[in-house]
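Please look through the sequence and the model below before reading on.

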Amino acid sequence: MEKYFNIRYEFDREAVHRAIAERVGEGRPGYICVSDGVILETVNRDAEYARTVDGAMFSICDSSYVPLYLKSIYGICREQYCGSQIFIDIVGSRKYRMIFLGTQQAILDGLKANLAKTNPDVDTMQFVELPFCRVDEFDYASIARMVEDDGADIVWVALGAPKQEQFMQRLERHLGHGVMIAVGAAFKFYSGLEVNRAPRWMVEHHLEFVHRLWKEPRKQWTRCRRIITSLPRLYFEERRRARSGK
């Protein structure tokens, strides 16, 4: 793992999957953050949330700008591993029993139908709509019992950042096993009902935020504004850390 921008990243995809397999094999709970621009900006603004993200097993890099900055500051090459990709990689592997938590039931139903084409085992798995409430209002003990009774190895969570990371931190205290991974919009991407991911050329040119703004302007405007305005500051702060050797 490597720490940049106050986030502990695991960039090695094979190491990510080895760590998940080891934690599942040990029968211990844990959670992984998929650190996109929202998480990057919030970690560097909110100390309590930063501790939540730091309490994860690690973060994977879902920001296309972090690899660019690391190349500029440190001269190193690192790759993005977005939430929608790790999601379909694990679902398609057919290695684990999974449970899917969050979002609206219509999206969950569409998600189940689509994922079953990739992994027929999904037909026997639970897709559970969670109530719309504040993060401290969930009945974590009850949710944990449901996960334990299900026997899920992987718990997918889609509540949107920063709520989903706070949810995983609280749920972990009640779980006996299960690796939780927060994947944000991946449920929507693969449901076939709502926002599709940006075209590949937009992703490669770091313009995915434009696509999200076009599709969900009311939801994305505040997030994108915060991310864009914070990037120069985060870049120069990391460059100062690099020069000071900290």
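In strand 8 (residues 178-182), alanine 182 is the bridge partner of valine 157, a residue of strand 7 (residues 154-158). Strands, like helices, are DSSP runs numbered from the N terminus, a strand being E of at least two residues and a helix H or I of at least four. Strands 7 and 8 pair in the parallel sense over four bridges, where pairing requires that DSSP finds at least two bridges between two strands. This is a predicted model, in which local features need pLDDT of at least 70 and side-chain atom pairs count only at pLDDT 80 or more, whereas totals for chains, interfaces and linings use all residues. Residues are numbered from 1 along each chain as its sequence is written, and side-chain values use heavy atoms, with hydrogens and water left out.

Strand 7 also runs parallel to strand 5 (residues 98-102), to which five bridges join it, and methionine 98 stands opposite isoleucine 154 of strand 7. Together with helix 8 (residues 163-172), strands 7 and 8 make a right-handed β-α-β unit; right-handed means that, with the strands pointing away from the viewer, the path from the first strand over the helix to the second runs clockwise.

Technical notes:
Buried means under 20% relative accessible area, exposed over 50%, partly exposed in between (1.4 Å probe, protein chains only).
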